[in-house]
Amino acid sequence: MSRIELVDLAHSYLTKPSPTSHWALKTMNMTWEQGGAYALLGPSGCGKTTLLNAISGLVIPSHGKILFDGTDVAKISTEQRNIAQVFQFPVVYDTMTVAENLAFPLINRGVRGDLIAQRVSEVAKMLDLGRDLARKARGLTADMKQKISLGRGLVRSDVGAILFDEPLTVIDPHLKWHLRAQLKRVHDESDVTMIYVTHDQTEALTFADKVVVMLDGAVVQIGTPQQLFEKPAHTFVGYFIGSPGMNVLPADLAGDHVMVRGHRIDLAHGYAPRPMNDKIEIGVRPEFLRLASRHEGFPVTVARVEDVGRARIMRCAIDGVAVSALISEDVAIPSDGVRLVADPAHVHVYADSHVVD
Ligand code: ATP
């Protein structure tokens, strides 16, 4: 088991990067607690794989330390780090049987034969591979091969951490739910640190206790799914998480309220004035906007209404600025003169994309 600390970690793929070069990872400091189930979430190219590979040893970082239980491992090999990694695409030996593939990491470590047999059978059961143990990997479907890869990642019970890099990409959609639930169960039973890279918010939010959101080489928020939903630390988190994402509106700050296109939106409390050149925005999730009476809120023009089963998404605009509101099924949407009001407790103020406390 490992507690993993990143100390001033930064990485550029260039051999002699300068401060103005492209950095795949910008300087970061953070801790992955022992036994945590983490998701590393962010758009393509934000640095997720680079970070995972720096932790596993496939990438030697340009700067900084990676501490496993206090010991710097930044320059030692993947094998010596005692971690398992599962990649996006299957890594299996075609000429071996399913059982031999699963046993391989244990044979490598000199584990006793009876213990290997027991562990292989447990993992095979977990991944529904029990009936296929004697089959050669060659000729199996991509789904099956990826299940073997997952099994090889899970088979050792002595690893400090298991790192998953988009492991369910090639898995059939209906199997994904099942496997994700299995991984979560394995985590809960084993207490091993797991880091799961994905760009899919549903995958991240259902797997992880804590989600680490990355953007452009930097970690912009670490939080529980609820924290990311209720108080996004960065406008990107608000926009990226949630469906539809948080509304982000340009605003002028005026103490206990803001003005958006000349319309007043109340805040939960007063805010100190910000420096002149800060870009001020507010963020409010569609869930926290409701239809207002004639005397409250702000006017909007409705572009369209989408039925999403549990509710309707009203796509509208406040003087040309797009806003979405989630309106429950039982509330009638007027044909004109529509106004919305925001719950002040859920209106967040952002300066240059970062939340203002
Ligand atoms: P994806 O979800 O598409 O895999 P990612 O979030 O995992 O993306 P990385 O693959 O870590 O992002 O890439 C981060 C940045 O580093 C990108 O700008 C990418 O082009 C660059 N990069 C990644 N690998 C290399 C490499 N081997 N050599 C040079 N640049 C690289």
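**The whole chain**

Begin with the entire chain in a cartoon view, bearing in mind that this is a predicted model. The chain has 357 residues, and 50% of them count as buried. Its C-alpha trace spans about 75 × 50 × 30 Å along the principal axes. Colouring by secondary structure brings out 9 helices and 23 strands.

**The sheet that contains β1**

Select β1, β2, β4 and β5. These strands form an open sheet of 4 strands in the order β2-β1-β4-β5, and their pairing is antiparallel. β2 (25-32) and β5 (71-72) stand at the edges; each has a single partner strand, so one side of each is left without a neighbour in the sheet.

In general, strands of a sheet pair through backbone hydrogen bonds, either parallel or antiparallel.

Now select His11, which belongs to strand β1 (residues 4-11). Is His11 buried or exposed? His11 counts as buried because its relative accessibility is 7%, and the cut-off for buried is under 20%.

**The ligand site**

Show the ligand together with the residues around it: Tyr13, His22, Ala24, Pro43, Ser44, Gly45, Cys46, Gly47, Lys48, Thr49, Thr50 and Glu166.

- Ser44: an N or O atom of its side chain is 2.5 Å from an oxygen atom of the ligand.
- Gly45: a polar backbone atom is 2.7 Å from an oxygen atom of the ligand.
- Cys46: a backbone N or O atom lies 3.1 Å from an oxygen atom of the ligand.

**The largest pocket**

Proceed to the largest pocket, whose volume is about 600 Å³. It is lined by 19 residues, and the closest to its centre are Ile83, Ala84, Gln85, Pro105 and Arg152. Select α2 (78-81), β6 (83-86), α3 (98-108) and α5 (142-154) to see the elements that give two or more residues to this lining. Which element gives the most to the lining? That element is β6, with 4 residues. Coloured by class, the lining of the largest pocket shows 9 nonpolar, 6 polar and 4 charged residues.

**The second largest pocket**

The second largest pocket holds about 260 Å³ of space. Of the 16 residues that line it, Arg119, Met126, Val186, Glu189 and Ser190 lie nearest its centre. Two or more lining residues come from each of α4 (113-126) and α6 (173-190). By class, the lining of the second largest pocket has 7 nonpolar, 2 polar and 7 charged residues.

Select Ala254, which is placed in strand β12 (residues 252-254). Its relative accessible area is 33%, so Ala254 is partly exposed. Draw a distance from Ala254 to Gly270: their C-alpha atoms are separated by 8.3 Å, and the two residues are 16 residues apart along the chain.

**The hairpin of β19 and β20**

Now select strand β19 (residues 311-318) together with β20. The two strands run antiparallel and are joined by 8 bridges. Met314 stands opposite Ala325 in β20. The hairpin has 2 residues between its strands, and Asp319 takes a positive phi near 45° there.

Switch to a surface view for strand β20 (residues 321-328). The strand is mostly covered, with 6 of its 8 residues buried.

End the tour at Glu329, in the loop between β20 and β21 (339-342). Glu329 counts as partly exposed because its relative accessibility is 40%. Finally, select Ala311 as well: Glu329 and Ala311 are 18 residues apart in sequence, while their C-alpha atoms are 5.0 Å apart in space.

Technical notes:
Residues numbered from 1 in each chain as written. Predicted model: local features only at pLDDT ≥ 70, side-chain atom pairs only at ≥ 80, totals over all residues. Heavy atoms only, no water. 1 Å grid on protein atoms, 1.4 Å probe; cavity = no way out; pocket = protein on both sides within 12 Å on 5 of 7 lines; lining within 4 Å. Points joined across faces, edges and corners; volume = space filled by probe spheres on them. Nonpolar A, V, L, I, M, F, W, Y, C, P; charged D, E, K, R; others polar. Buried < 20%, exposed > 50% of the residue type's maximum accessible area, 1.4 Å probe, protein only. Pairing = 2+ DSSP bridges. Near = heavy atom within 4 Å. Polar contact = N/O pair within 3.5 Å; in protein donor to acceptor, adjacent residues only side chain to side chain.
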